[in-house]
Amino acid sequence: MQSRMQNPAVVLSDAMPAIQSLIKAVHSGGVEGQTLELVHLRVSQINGCSACVDGGVKSSRKAGVSDERLAVVAAWREAPYFTEPERAALELAEAATRLADRGDAVNDEVWDAAATHFDEKQLAAIVLMIGVTNLFNRLNATTRQIAGAWG
């Protein structure tokens, strides 16, 4: 496989600093780093973005996520390795990523479960992480970015 072009966020020089500022804001929202990394990884798995899955596994490890948890994040509902807050964040991530799959994609039950574990600032961070991840997934998949090619 070969990339079609450089990542668009690199091609347009003003894009990457803006995205990095957004990511910095996400990490200042008070959500545990492991939770944010699991959200990023799960969204990337759903979207089939190999570059982001690869990067997500690496950044999850750096954040302290165990290999045991990384191996089953795609099947988190059936695995005993995730906390209730992580489960709520993962469910929100899946719902917000699969907006077209049902009419009320992020229904009250999904939202309320997340709001039970996270305050408004933390929810903002999780929702922004979901959005930024979906952005990168779309940029990378469209331009066929290669897993492992980014530092």
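Student: Is Val 53 buried, partly exposed or exposed?
Tutor: This is a predicted model, and in it Val 53 has a relative accessible area of 24%. Buried means under 20% and exposed means over 50%. Val 53 at 24% therefore counts as partly exposed.

Student: Which residues is Val 53 in contact with, leaving aside its neighbours within four places in sequence?
Tutor: Val 53 lies in helix H4, which covers residues 50–62. Once the neighbours within four places are set aside, its contacts are Leu 41, Ser 44 and Gln 45.

Student: How many Å apart in space are Val 53 and Met 5, C-alpha to C-alpha?
Tutor: In sequence, Val 53 and Met 5 are 48 residues apart. In space, the distance from C-alpha to C-alpha is 19 Å.

Student: How many salt bridges does the structure hold?
Tutor: One of them is formed by the side chains of Asp 67 and Arg 61, at 2.8 Å from N to O. A salt bridge needs the nitrogen and the oxygen within 4 Å. The count for the structure is eight.

Student: Are Asp 67 and Arg 61 buried, partly exposed or exposed?
Tutor: Asp 67 has a relative accessible area of 48%, and Arg 61 has 47%.

Student: Which helices hold Arg 69 and Glu 86?
Tutor: Arg 69 and Glu 86 form a salt bridge, with the closest N and O atoms 2.7 Å apart. The pair ties together parts that are 17 residues apart in sequence, because Arg 69 lies in helix H5 (residues 67–72) and Glu 86 in helix H6 (residues 84–97). The helices asked for are H5 and H6.

Student: Are Arg 69 and Glu 86 buried or exposed?
Tutor: Arg 69 has 10% relative accessibility, and Glu 86 has 4%. Buried means under 20%.

Student: Which residues do salt bridges that share partners join into one network?
Tutor: Asp 101 forms a salt bridge with Arg 98, the closest N and O atoms being 3.9 Å apart. Asp 101 is exposed at 57%, whereas Arg 98 is partly exposed at 31%. Through shared partners, the network joins Arg 42, Arg 77, Glu 94, Arg 98 and Asp 101.

Student: Which residues gather in a patch of negative charge on the surface?
Tutor: Asp 112, in helix H7 (residues 108–117), is one of them. Asp 112 is partly exposed, with a relative accessible area of 45%. The patch consists of Asp 104, Asp 108, Glu 109 and Asp 112.

Note on methods. Residues numbered from 1 in each chain as written. Predicted model: local features only at pLDDT ≥ 70, side-chain atom pairs only at ≥ 80, totals over all residues. Heavy atoms only, no water. Patch = residues over 30% accessible without salt bridge, like charges linked within 9 Å, V, L, I, M, F, W, Y side chains within 5 Å. Areas by Shrake-Rupley, 256 points an atom, 1.4 Å probe, with all protein chains shown as cover. Lys, Arg positive; Asp, Glu negative; His and termini not counted. Charge placed at Lys NZ, Arg CZ, Asp CG, Glu CD. Helix = DSSP H or I, 4+ residues; strand = E, 2+ residues; numbered from the N terminus. Buried < 20%, exposed > 50% of the residue type's maximum accessible area, 1.4 Å probe, protein only. Contact = heavy atoms within 4.5 Å.
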